[in-house]
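Morning, everyone. Let me put the structure up, and then I'll walk through it.

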Amino acid sequence: MEIDEKRLILCPVCGAVNINRGKNNICRRCDCYIHKHGRFKTEKSWAYLITAIIAYIPANLYPMLITSQFGHREGSTILGGVILLWEHGSYPIALVIFFASMVIPILKFMILIYLLISVKFPLKRDSKIDKHKLFYFTELIGPWSMIDVFVVAILAGLINMANIQILAGTASSAFAISVFFTLLSAHSFDRELIK
Amino acid sequence: MLIKKEEELDDIIICQKCFTIHKIVEIKDGSKALCSECKNILYRYDSNLAKKGLALSITAFIFLLIANIFPLVMVNILGNESYITISKTFLMLFDSGFFIVGFMVMSLIFLFPFIITILYMIIFFLLYFKIGKRLSRDILILISHIEPWSMAEIFLVSILVSLVKLIGYAQIHIGVSFWALILYIIFDIYITKSIRIYELWSLRERVFYK
């Protein structure tokens, strides 16, 4: 039989090549559904992404870390922490935190919004291969924004003495939720829709 | 493209990075095939994959156990001593009422690394002894669902970042678990990132169907 190369699809679970038969595609190797969606193709991804963006707002407004020294409490937001580190002269760490908790999430939001819009309204001059590379890149850098949450968890666990304490702030919950939903959004995006 | 049977699709591979379609060619033992478009590794051929994988995953599991038993880092601030273990990071969050973050941290750095390493141990065991046709399929599906959520390497970078933050305030002593965690991550990256899930599926096909 003659098969158009455009009808070949990739199983996201096992990586086997399958023929696109319309709605319910089941992988011939691992019997998993390959992106079962009817009329709603990108809506699930959009919903997760919007949740992530909403959660990202309190993540930047509330304190991430609360330092309590001899009863004196002081909270610092993500950006405040970066500025503090920069002023203290630890430039590499300030840059790591800045990239992990500001640049990567915002970059990921923008790339996902661009990809989701381009599914519906494809721009002619953007090549398909570049968009696939862009998506691969977001999947690669996505989990690294968890660094800040882990740092808060480590410092809160480590510095817990009578006089000096570090406590996790409200922003850590919001930030963790934001990262989680961005990852979900990328996972639920069907790469076959990129054209 | 002309194909006679659906099985002939096994000779085609789609690049994970750029989605271009390639035809699988036979390559020498121990070498790898790259995508012509983006130079991403498509697949490797290694006749000792099951044996090697079994040895490496058992080693990784031992290091992960050690990393979870002993303290990671000890600090001394103005005469107050304190230490941290992997489990203490999320138990402390539970204590202070941060259940969502605590649960996420627990899953990402404790549960999923353990599950993934045990699953890899089982799958390589099954493929090495050529048993469990159905079970190996289920485990491979489970691995590809859980693998993106295992973040031990990111946790290691976070430890380094928080240690640099503490320099100047505290005396820092590195614990046994820290070195064990580094070794675990080296093996883990080799097993989960360097060996593609695709290679395990094709190894399973070679073992059970040919």
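Burial in chain B comes first. Of its 210 residues, 34% count as buried. Keep in mind that this is a predicted model.

What does chain B consist of? It has 7 helices and 7 strands. Along the sequence, the order reads β-β-β-β-α-β-β-α-α-α-α-β-α-α. The radius of gyration of chain B is 21 Å. For 210 residues, the globule rule gives 17 Å, and the chain B value is well over that, so chain B is more spread out than a compact globule. The C-alpha trace spans about 75 × 40 × 35 Å along the principal axes of chain B.

Now contacts inside chain B. Take those between residues at least 6 apart in sequence. Of these, 62% join residues at least 24 apart.

Next, the core. The largest nonpolar core holds 103 residues. Which members touch the most others? They are Ala153(A), Val105(B) and Tyr184(B). Helix H3 of chain B, residues 99-129, supplies the largest share of this core, with 11 residues.

Let's stay with Tyr184(B). Set aside its neighbours within four places in sequence. What does Tyr184(B) then contact? The list is Ala60(B), Phe63(B), Leu64(B), Ala67(B) and Ala152(B).

On to the interface. How many residues does each chain put into the contact? Chain A gives 50 residues, and chain B gives 50 residues. On the chain A side, these elements each supply at least two residues: strands S1 (8-10), S2 (17-19) and S5 (164-168), plus helices H3 (91-120), H4 (128-141), H5 (147-158) and H6 (170-187). By class, the side of chain A that touches chain B has 36 nonpolar residues, 8 polar and 6 charged.

Is Glu74(A) buried or exposed? Glu74(A) has 11 other C-beta atoms within 10 Å. The cut-off for exposed is 12 or fewer, so Glu74(A) is exposed. How far is Glu74(A) from Ile111(A)? Along the chain, the two are 37 residues apart.

To recap two points. Tyr184(B) is one of the residues that touch the most other members of the largest nonpolar core. Glu74(A), by contrast, is exposed. That's my tour.

Definitions and conventions: Residues numbered from 1 in each chain as written. Chains lettered and ligands numbered in written order. Predicted model: local features only at pLDDT ≥ 70, side-chain atom pairs only at ≥ 80, totals over all residues. Contact = placed C-beta atoms within 7 Å. Helix = DSSP H or I, 4+ residues; strand = E, 2+ residues; numbered from the N terminus. Nonpolar A, V, L, I, M, F, W, Y, C, P; charged D, E, K, R; others polar. Rg over C-alpha atoms; globule rule 2.2 N^0.38 Å. Buried ≥ 20, exposed ≤ 12 C-beta atoms within 10 Å, placed from the backbone. Core = buried A, V, L, I, M, F, W, Y, C linked by C-beta atoms within 7 Å.
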